[in-house]
Amino acid sequence: MSRSPRGFAGAGWLYEVFLAVPREHFVPDRVWWPAPREDGLHSLIDRAERPRAWLKAVYLPGVALITQLDDGRIPPTGAANGAFTSSISSSGVIVELLRHLDPRPGDRVLEIGTGTGYTTALLAVRVGAGNLVTVEIDPQLAARAAGRLAELDLRPLVIAGDGELGHAAAGPYDRIVATASVRRIPPAWLAQLAPGGVLIAPLDSPFGSDLLVRLEGDGTGGAVGGFVAQVEFMRVRSQREVRSHGELGWPAGLDAARWRDLKVEAGPDGQRIHAA
């Protein structure tokens, strides 16, 4: 029987895959601490110089470690300041993503945003690496993740490309999960979602945070669902430009405290959010 301690919300399978995958295997030797210092810079934690501090940071459940600043233009050589553009998500956030995704062994899964490859490994252990496609827009990150995965004998299809396009050749997918937030659900994801399939993605909201949306596909490029958690993620590169929430299907006058009551409808023509 699968064990499921507190924090996994009864998802014993998720606890088991967390035990099976060593998180430190996927964390770069140099990462930035997410909270800035008094001088505004983010401290670099170097595994070679501070191995105990590095390992402790890796396993803090509520901390995302920053692995890239300004799309890689700032090298990890010391304390720095810049836009966060890649990280290894905190364990707590990954639990939220995967327990709501609820993939089953043998499911076809598409992951958008490979990053370090850690969440990819968790998914591969659950559904089988041959059933998993993961897309990463940064070629260097994609190559590093593929290498780290292969060292654990996990060989999902790792694609260096624009995740907004998905990967139609291996679809349709039973599950699609994004580890970067969007302002609008890309139509390609909806088109590649199998009937009854589940899509989990962080969606920009007018409430000062992202909301994790869970949608079920209708098999014709549309999906319906609602919000399941408040989260914070980095934006996909092509959707960083600020757009009005009204343009993105959000009506005015919504009560921020009642985000769980909102219904989301998405399709080829856009998305609509309204009170259920």
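## Strand 5 and its side chains

In strand 5 (residues 109–112), V109 and E111 point one way while L110 and I112 point the other way. All of these residues are buried, a term for under 20% relative accessible area, with exposed meaning over 50% and partly exposed in between (1.4 Å probe, protein chains only). Strands (E, at least two residues) and helices (H or I, at least four) are DSSP runs, numbered from the N terminus.

This is a predicted model, in which local features need pLDDT of at least 70 and side-chain atom pairs count only at pLDDT 80 or more, whereas totals for chains, interfaces and linings use all residues. Residues are numbered from 1 along each chain as its sequence is written, and side-chain values use heavy atoms, leaving out hydrogens and water.

## Neighbours of strand 5

Strand 5 runs parallel to strand 6 (residues 132–136), and four bridges join them; two strands pair if DSSP finds at least two bridges between them. V109 has L132 as its bridge partner in strand 6. Strand 5 is also joined by four bridges to strand 8 (residues 173–178), again in parallel, and there V109 stands opposite R175.

Together with helix 4 (residues 118–127), strands 5 and 6 make a right-handed β-α-β unit. Right-handed means that, with the strands pointing away from the viewer, the path from the first strand over the helix to the second runs clockwise.

## F227 in strand 11

F227 lies in strand 11 (residues 223–231). F227 counts as buried because its relative accessibility is 5%. F227 and D138 are 89 residues apart in sequence and 29 Å apart in space, C-alpha to C-alpha.
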